[in-house]
Every structure is written in structure tokens, then in C-alpha cells.
Amino acid sequence: MDKDILVRMQEDLVRALQKPAESRRWAMLVDLRRCTGCRACTVGCVSENKLPPELWYRPVFDYEQGSYPKVSRTWIPRPCMQCDKPPCVTACPVKGPDGATWKETKGVGAGIVPVNYNQCIGCGRCVPACPYNARTMDEGKFHSEGTPQLMQYETMPAFEYGRQWPRSGKNQPIGNARKCHFCMHRLAAGQLPMCISTCVCRAGYFGDENDSQSLLAEVKKANKIQILKKGKGTAPRVYYIANEKLEVLYG
Amino acid sequence: MAKKPTTMAPETTVDKGVSRRDFLRTSALVGCGAMVASQLDFARGLIARVEAGELTPAEAYELLKAENTLYTVCLNCNTGCGIKVKILQGVAVKIDGNPYNPFTLFPHLPMSESMDNAVKVDGAICPKGQAGHQGAYDPYRIRKVLKRAGKRGEGKWQTVPFDQAISEIVNGGLLFKHVAGEENRQVAGLKELYALTDPKIYEEMAKDVAALRKKKTAEDKQKAIAEFKVKHALNLDKLIDPDHPDFGPRNNQFVYMWGRKKGGRSDFSKRFYETFGTVNGHGHTTVCQGSLYFACKAMSEQYAGDTFKDGQKFYWQADTENSEYVIFVGANLIDGNYGPSNRNPRTIPQIAAGKLKVTVIDPRFTKMAAKAQRWVPVKPGTDAAFALGMTRWILENQRFDARYLANANKAAAAGDKESTWTNSAWLVKLDDKGTPGAFLRAHEIGLKDKETRKDKDGKEFNFEYLVAMVNGQPVAFDPNDDKEAVKGELFVTTELKDKEGKPVKVKSGFQIMLEAAQEKTISQYAEICGSDVATIEAVAKEFTSHGKKACVDIHRGPAQHTNGFYNIASLMNLNLLVGNFDWTGGMIAASTWNTDGTKTDKQPFSFKKITPKAGKPFGLSIIRHDAKFEESTLFTGKESYPARRNWWPLASDVYEEIIPSCLEAYPYPTKALFSYMAAPTYALPAGQTNIAALADLDKLPLYFASDILVGSTSMYADYIFPDLHYLERWEFQGSHPNMPVKVQPVRQPVIASLNEIVTVFGEAQPISYETVWLALAEKLGLPGFGPTGFGEGQAFTRPDDLYIRMVANIATDGKEPVADASTAEIELFLKSRKHLPKNVFDPERWQAITAAAWPKVVTVLNRGGRFATQEESFKGDHVANKYGKLINMYQEKTAKCKDAFTGKPFHGMARFTPIVDTLGKEPTELSAGYDLHLVTQRDNLMTKSRTITHPYLTDLLPENGIVIHASDAKRLGLKTGDQVRVVSATNLAGEWDLGNGNKKAMIGTVKVTETIRPGVITFTLGHGHWATGASDVTIDDQLIKGDPRRAAGVHANAAMWIDPNLKNTCMIDKVGGSVSFYDTKVKLVKV
């Protein structure tokens, strides 16, 4: 029988990493016909990236439509869209070669909008600039706050952007804007973004859109694709397959 | 510093930002090491160096290193998915799926795949699994033994040395003289209850009690009791009550109960309580889906000689990866139900691709319903009506698999390439009122005589042939005969003659099914379940349009009612009508690699052989399971009905009856109770009844618990022993019926425990569940434990002494053992566990124990268990791991049991029965004035008792709500966000009475929806805690404040009906044992 799509997509990923960055186009796709709103992606991401309370890179929104007994339920996971025209980058005051956020063109992260925590001044301007609310300020909270003890796993490093970010005191990224980065550090290691690799419904796809052999490209080609907030002209890199019109649900 | 973006003015941010930026530049130099500044450098960081080949990915990303990765098994729900735990500096920092385990990857990696490759592949697991390490690092975990310093449940504790606690529990005494009112309360210790110890006397008494139970009249029983007293005069003091020898020895007054427990730990405790000699080891099955288990047990009883026995406590589920149509009834595998990591990838993509059609029968529009083609929102508790409507249509329209059903025995089945067969064509005798009873035996009509046969051990047994009608003539057959095929007629109603020529009225099993289905019209069934004829017929037609690839997959929805047993049997019988068992896409059963070494002679440790012969426990259990009331010394004749409490000839592990039976001392008083990972007060419907019972010092003089924190039930204990978290310990998870692959996932310590290290049998070990058993065994001098526990030179002094032997058995089971680990793999095995202390990880000891099997043991532990391949799991049109036996459509054993309250026999054929209390009364009085039907639901983010300690989860679901249909909300003037109190006829105050004057109101937040049947309300289980870190406790006079997040939301179980007759437990299914979870009518009172 066929391989699990997680294995197939990982093979696609490894193949894509052999290519020069400029000929590669990372994209994510979520098939909402499969998504069950379980939030494995949300929590997997929280744990992978050591996200503090009430800060989610990939929330999942619930929608109910219709009247009993003709009803429907839909779930929309919303990572960062890694827009090709990212309003958050425009809004960031820290620009230039030392900028805090930009549309990456080089390396593994080409196509991704990273945040350089060292350069981010914590002004928060990027937050309202994002039409998807995909950025959140890290206020330095801990999950075990208010209990008898702060637990060690919370202070140990996250590996975002291929570096170690121990979480304590005022260490970055505390005070910074935070957002999804397609788990760039995992891509570099030949692994899928956490949200994709822990999707128990296999609703998530990730890969190089330019590689017609990739599962992502196959699925994208075979289905009608929607994007969120098309009218904003942000050119997202995250696609959706859905029976419903997402502009009706998501706005 | 950082502000909430919504309240932030851009001008001020720039100003603030500049200073912030300067600050960060400074702090980066001082505190954060070599952080680089430029964009280019940022992109040229570790990732770029990996790209340039300067570093390997694992060097850049420590979570990718094989030496930082261990494979074990989750337990945040009972699915028990394989997990891959990523460990840094000895701390579990990230959990993903184990790619070797088919529960997280579909298909999974074969065991031959190298560890280096496997480490790169993360399997998919659910959010509870992802958050699992938060349970291990819960700040509220206890590390030392707590002893009660106040009243039970008062929340006052003192830490005591482990040895002291064990000594006190074994020796008894004035254990609580420091507590006001208990100065003179003498507590009996286990030593006093370890009364009967001689295996010979055990055997002799047990034999005599068994004979006594078979006496037909009260007089005969009395005579037998008198004889018993004479014969056993010297040992009568060892009995609970010499006038009732069937109560058994005083050893039975030690009652042990558990919540979530899997293989390994089960074997551990069983070894103890069976050697100790108590019959009272009881699980929690009936709070989950007992009537599902026990209805399937009844269906799986095998005809052995002249009677039915060896039914399996199990059930079947659908092989959804190959099914074309599945009806899920009260089964939401996306949020619970042995899912989702294993079931979703085998179900959801298939639905999305149009390969699988689904109908959901459920009053809730579950996530599963959201993915289904059809939703049938039936009224709760009427599932059998829908099933019988379908049955009637299928039978009357000849849509059943007649070829399959006609097979009366194994040979006939084999001829049709069927591995299972039914008793549809067998003839059943009717009594003078026409009620079906036992199957006709061939000798009764002079057709074929009884035989004396020998079993495989050479033991003789009586064999009686059964009868089917073939071409209008009765034919004798052996149902297990694999040579002479007998195919019987399906619809038979006739009269035969016995040996004396007297008439014997008979019907075939299938005819009885037809008549049961015809008790009502399809229209009447539709009326009962709140559906319509067209829907019932359409579902029946669809179900019978896919050959063997259609299933009815059931979970706790239909089971947890007072009519649960017959709901389940009615639904499961539908699967028999299409004969889908063991077929790909049909109903399948779980299969596992063996742990106890009794499967093959290549397994090194047969526990049968290395367990000392102790007296087999005998006597009635405190819950009266596997026992008929009529056979007990408490039954003196028809005037004994109704029994004081129920008896359970067909069920066991009747959770709701354990503590209330202790309270009533029925059938006898309990002296000591031990609970493990159990929260009946929280988990049971009307769980508050258990709280009241646990407070009773006379009826429960000693109560000790094993728990990882002060839990919602263990808070009432006299002692709490800290247990290990699932990341710190062993267990063998087994499998679930939806998994076609043969597996045995091994849970093993992957992080060290912070629990106090104690010495038992001279071995240092962290306090755990096992340590308690070992220490009790040491103190009591129980055989089978200690330096010669497994035989001469074979110590059983640490938990792993048992578990490593079981791993060796797993590794060597089957036709071929697993492959030996290479030297490199053994090195990795050691390196990846270097953070574990010797008291839990002792490779030299393990190697010495397992000897030649050691490299195979390493192979299994390195992969978190043993797993067959996907390819091995199917053979042509069938699953490879077959059930392969008779499945009863008509249940003779059930028909031979009586209701202990009414004295009426149970139905042998499934049918619709109404919701009733123990006296058989429909709850019209309890319902009057209560307009809403209360059910519950699971959310994938929560399990009942343990996920509230996981902030990654509660952060997403800070509270649950009372989910109500918009029309009901409108009628009651409620809107989303309103606070309401849940009130029922048996909980007028709408609150939990926690004892000691503490109450917790059942007040929840309204959530209005269209996604539920009007008239029904539901809430998600797992919130509304009062312990488990939710409330303050005092330990050694130090106040530990609770976390209010854990108290959030509502837990409405206390509103669920208390049985009006029993008065101290919830309503129950008298046949299958299930608690009534979904029968209560409530009202909502706006706060």
C-alpha cells in the first residue's frame, strides 16, 4: 500500500532541499474536508516552539452553519500565511539589512517571513498590520505560573530559526513579536513543520509547490484551491481545500 | 515592555521601541550569548551551516538526535498511542508519535527500519499526547507518602516515611489517634485479613462452597452449610461468616479497585491479590462501556461440551480503512473512542475521498457526524429501537446474508470461506408460555446420545450434540466440528417429540430474532427513537448494499444506559446479518503479542510456571460478579426477591457497585480498600454517592490509594502513595479492536522520577504503585515475591524484574522472534538512557535475567514495543488476525440468568427494552418537571481525570459549557454565556457535596447551538474539578494553594440519577453492568 503521506511529504521535502533556494517554493495546504478541529497542530506547535499561554502560531477556528438537523461544522487552522506581500513587514519600523522581519529569499527559509528576535524592538506594530492576526507579542508568561513551581521544561530552549532560545527572565523572544515560521528549524533538519507532522487527520500538506512530483503540488493541482482574505492582496503561501466558501466563514 | 497590540498607539511604540531596542542590544551581549545581529547573518546561522554541510541536521537541532530520543507509550487516554519522547538534560521537552507504532503512522515503519531513519520521522499524535510531559512535570504531584492529618477529605496531610505507612497498613492499630474523634479507633491491618493461607484448605473449602452453591433448595443448602461447618471446624475462624461459607475467607475483606490499568501492572497486582487470597480485585469497566464489553462477552461465549463458557470481555470495531459503509452509533472516534491518532487516518481521508460512506446515530452532531453523509439524531437510550427497526426491514426484505447465517458449525463456515459462524439455525426450546430458553440437545429428542470426550490435557468432559433443521428434518451437529458441515434452515417453528414422545416446541435462533424484531412495527420503532420510517429503511438498505464491507461500529453511547446490554446486542446483531466478522472492511478484533510466556515454548518466562501455587481465591466478591443470586446462601426462595443489590452473573468490574457495596456491607463488611489510579467520585454518574461512603469510618475502616497527586477520590484516603507518571514507568498497552495490526506497545521509563527513593527487599527504588505491592508482600511474607520470587536465584524485588521478563516473552512470541539488536543499537540503547538512574534502569541486571534474549529485548525496547507489519495484517479478503469462532445471535447463557430483583429470566435475544430502575420501574416520577435530557461528550483536548493538569490543553479549553439547542435556550430565556445550575430529581441543590461542609455548585456556562437534538443537553467531561490541584491542601502544616484553572467549568455527573431503590449508587444496567450515564432528565436554573 501507499506510504503514509507524512513519509511521502518528508521525502518530497528532502528532495526539495537539494534544490537551490530560488527554484523552491515552500507552501502549505490544508484540506478542510479532512480537518476535524482536534488541535493536535496547535498544541504540537506550542510544545515545539515553547509558546507561552494564550499565544498560538496556529489556532484553529470553529464554525457552525445551518439549522437543526441540517447543520455543518467546519474548522479552519490558521498558521502564518507567509505572504508574498506581507503587510507585517511593511509595518515593521526596523528595516534595512538589520531589519527585524522580512520576506526571506535565501536559504532554507526562502519564502518564509521570519522575525529576528535580536532586532525586534517589541513595538508591536506588525501585530495589527497582519490581516490574519498571525502575530502575537510574547508577554513573558509561563504555563506553570500560579502553581507551586515553575517547571524546567518551560525554561529550556526552543529551537526556532536554528538557534537555542532558553526561556527565562527577559531572554528573547520574551518581549518580541512571535509568529509561525513553518518550523524553519525542522525544515533545515529534513522534517516537516510540526503542525503537518502531527496532523492526525492528514489534513495538512507541506512541500515545494514548484516540484510537480511533490504531493503538495499534486493535491493542489487536483483540487479547487481557496485562500483566506483574497481581497487583501497579500498573496498567501497557505492554501485551503474546502466544500464551503471560506470568505463566508472566515471573512 | 510589550503591550497588547490592540491598545497600542503607533507613535508611542516607536519611542518605546527605540529604548527597547537599545536595551535588547545590551542584554543580548550580556545574557544571551553569541547572538548575531544582521539579517544576513541570521539567515546564515545554524540552518545555513547545515545547508553548507558544515553541520549535520542533528547537530543543529538536538531534538533530532537518536541519543536524545526514546520510544514509549502515551497514557493521556486509553488509546495508548506510541510516542517518541525527546529528552534534553534528562528532561522530556517534546513528544511526537512513534513511527514504528501503527497508532501514529499509517502504514507504520517496519521494525527492520533503522533507528537512525526512524528518528527523523515523527508520527502524528493528538493534542493530549503532545502535551503529555506537562502531566509528568505537574507542580502538584506528590513525592512522599501522605497520611491523613484531619478528617477524611478535609485536605490536611502529613508526610510519613514509606516504611511507616506500610507497617501501619499491614499491622493496623490506633493509626489515627492524632485525629479528633479517632483517638480510640482500632484499625485492622492486612495481616489480620491474611487469614487463610494454606493452599490445601483453600482448595478444599472452595470445592465444598462450589458444591454448596449447586444445591437446589434452601434446605439442601442449610444441610450443606452444616456439613461444611463440621468438616472445616478448625478453620471456621478464617471465614467472614461461617453461616455463609460462600462469602469466603476473611482475606476477601481486602478490596482492591483500579481505574486505568493495562498489562504488566495488571499482572503485578493480580499476583499479589491472588496470592493474598482475595476475590476482590475490581476494575472500572462499567463506567466506560461495560455493557458493550459484556454484551460482546455474551456473544462470544463458546459451546464447550454441554454449556457456554470462555466468553471474552472484549468487543469488535470496524476495519474502516477497507470499509465502504460504517454506521457509528454513539461513537465519536474523532474525540474519543480509541482514537483519534490511529482511527482518523484510517477513516477521515477515506470519507473525503468518497471511498467510505458514514452514518452517525447520535443525539449530538459530533465531529464524526460533521464528516458523515447522514446524521440520525435519535433520542438517547433508544438505539435498540433503531436497530430493531433495521433488523425487521432486513429480515422481511431478505437482505441478510442467508448463506453465512445458515452455517451451523465450523465446517459449514469454512466451506463458505467464513471464519466465524452463528447459532441462527440452531433450535431453541420454548417453555409452555412460548418463551425461548436453552438450545435443544440432540439426546433430548433421542436423535444422538451424549458422549464423553477428552480435552487436550486428557481431561474427560460431557459432550451433547445440538440440533438444526435440515430439509425439514432435525439433524444433530457439533458446532465446533470442522469436518462435517451442517447448514440449517433459518426460519423454523415446529414441534418435535422427546424420548418419551412428549412434544417439544422449538424455534430457530433466527426465527426468535424475527419475532423479537416484529414485537413492534418499524413505525413504532421510529416513534420510540425519534426518527422516521424512511430513515430506518434507507439506512438498512444502505447497510445491506456493501456485502461484507459494511459495519455497525458502536461505543459507549448505546452502552451507558440501563438498557445498554440489549442496545449493544441489538446493534451488534446487525453485523451478524451481513456476516462481516474477520473480513477486510468488516468487524475486527484486537490482537497482541503475548507477555506471560504461555504462548510458545520459545518464550523464556512462563508465568504459569514461575508463580507459586497459592490457594485460588474463592467466595463471593463484594460486587457479586460471576455469581447467581439464586445459588448464594442469601437466597432462600422466591421470597428473597428483590435482592438487596444487583448480582452480576454476566458482568464483572462493576465500578459503581464497589464502594456502595462496601457501605452496605453487602454481602459482607469490608476492612480495607486500596484504590489505584481511580477517581470514581468524579468519573461515575452520581459519584457523590461514593464520597458519602468513603467518609464512613465504620464501613471502610482503612482506605489507602496510589495516585500521582491528591486526586478527586484519593483525597478521601487515609494514605496516598505517590505513583509514577506514565513517562516514568512500565506497562504493556495492548491494542484496540480497530487495529488490524498485531501489536504490543511497551511503556517504559524514559525520564527519572522525583519520587522519594525507598528500599524494599533491599533494593532502592522510587515510590510507585509497584513499590507498594512489593513492600506489602515483603511485610506480609507473601510467597512469589522477594529474593526467590520467580524461583531459586530469580529475584522479584523490583518492578522491572517482572517487566523485563515480559518484554523477553514479547520478543520471542510468534513463529519468529524479533531480530537481535546490533552492537551499535545496543550502544544507542545505553547512550539514550544515560540520564536514567540505576534504580529504574539497570542493563546489567536485565541482561543477566534475560540472558540469550537480551539483544531481542533491546530491539523491542528501542522501538517502544513489538509490531507486525501492515502487510502481515491482511490475507486476501480477510484480516490475518481472526476472531475465528462462533458468535452468538441467541444467548443461551444470558437466558439462563435471572434478574436479581424481579426473579425473571433475562432475554436470550436482543430487543428493545425501556429505561428502568433496579425494580423495573420506568422513571416517570424522576422525570416529572425536568425538561432536558442530560448526556455528556468528550473533547479531544480532555480526558476525564488527568488532562486538567495540562495547561497547553486548558489554555485552549479553559472551561467547558452546558451545550443546549437554540430552541430550548429560547424557551428557557437562555443565551450563550449565561450561568446555569444543573438540577435533577436526585440532586435538588444542583451541587457536589464534597463532605466536611464543602460543596461545589454544578454551575456552568451556557453554549447555544444548532448541533444537538432539541431536548438534549450535553457537557464535555474533564472540567469542574475539586481536587487534582484545583483546591488548597495542607501538607505538614504548609498550605499549598490550588490552581483555579483546574476548578473551572462544570462537571454535572452529580445530577445524574441515583437509583431510587438502591439510593446510594447511580442507575444501572442490571444485565451488562453499565452505569446509566445518559438517562437523566434535568432542568437548568439560571444563576
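The structure is a predicted model, in which local features need pLDDT of at least 70 and side-chain atom pairs count only at pLDDT 80 or more, while totals for chains, interfaces and linings use all residues. Residues are numbered from 1 along each chain as its sequence is written, and chains are lettered from A and ligands numbered from 1 in the order in which they are written.

Helices (H or I, at least four residues) and strands (E, at least two) are DSSP runs, numbered from the N terminus. In chain B, the axes of helix 17 (residues 383–396) and helix 20 (residues 509–517) come within 9 Å and cross at roughly 125°. Helix 17 of chain B and helix 20 of chain B are therefore oblique to each other. The crossing of helix 17 of chain B past helix 20 of chain B is left-handed; a crossing is left-handed if the near helix is turned anticlockwise from the far one by less than a right angle, and right-handed if clockwise. Leu388(B), Thr391(B), Arg392(B) and Leu395(B) of helix 17 of chain B meet Met513(B), Leu514(B) and Ala517(B) of helix 20 of chain B, two residues being in contact if their C-beta atoms, placed from the backbone, lie within 7 Å. The residues of this contact between helix 17 and helix 20 of chain B comprise five nonpolar, one polar and one charged. Here Ala, Val, Leu, Ile, Met, Phe, Trp, Tyr, Cys and Pro count as nonpolar, Asp, Glu, Lys and Arg as charged, and the others, Gly among them, as polar.

A second pair in chain B consists of helix 21 (residues 522–529) and helix 22 (residues 533–543), whose axes come within 8 Å and cross at roughly 105°. Helix 21 of chain B and helix 22 of chain B are therefore roughly perpendicular to each other. Ile522(B), Ser523(B), Tyr525(B) and Ala526(B) of helix 21 of chain B make the contact with Val533(B), Ile536(B) and Glu537(B) of helix 22 of chain B. The residues of the contact of helix 21 with helix 22 of chain B divide into five nonpolar, one polar and one charged.

In helix 31 (residues 843–850) of chain B, the buried residues are Trp846(B), Ile849(B) and Thr850(B). They lie on the same side of helix 31 of chain B, because they cover an arc of only 85° around the axis; the arc is that of the directions from the helix axis to the C-beta atoms. A residue is buried if 20 or more other C-beta atoms lie within 10 Å of its own, exposed if 12 or fewer, and partly exposed in between, with C-beta atoms placed from the backbone. Glu844(B) and Ala848(B) are exposed on the other side of helix 31 of chain B. The cover over the buried residues of helix 31 of chain B includes helix 29 (799–812) and helix 32 (854–862) of chain B. Just after helix 31 of chain B, Ala851(B) has a positive phi of about 50°.

Most residues other than glycine have a negative phi, and most peptide bonds are trans. In chain A, Arg39(A) has a positive phi of about 70° although it is not a glycine. Arg39(A) lies in the loop between strand 1 (26–31) and helix 2 (40–49) of chain A, and is buried, with 27 other C-beta atoms within 10 Å. Asn133(A), also not a glycine, has a positive phi of about 55°, but counts as exposed, with 12 C-beta neighbours inside 10 Å. The peptide bond from Tyr68(A) to Pro69(A) is cis, with omega near -5°, and Pro69(A) lies in the loop between strand 2 (60–67) and strand 3 (70–77) of chain A. In chain B, the peptide bond from Gly339(B) to Pro340(B) is cis, with omega near 0°.

The contact between the chains takes 86 residues from chain B and 82 residues from chain A. Helix 1 (residues 10–31) of chain B supplies the largest share of the side of chain B that touches chain A, 11 residues.

Terms used. Axes are lines fitted to C-alpha atoms, for helices over the stretch in contact, and angles run from 0 to 180 degrees between N-to-C directions. Angles under 35 degrees count as roughly parallel, over 145 as roughly antiparallel, 65 to 115 as roughly perpendicular and the rest as oblique.
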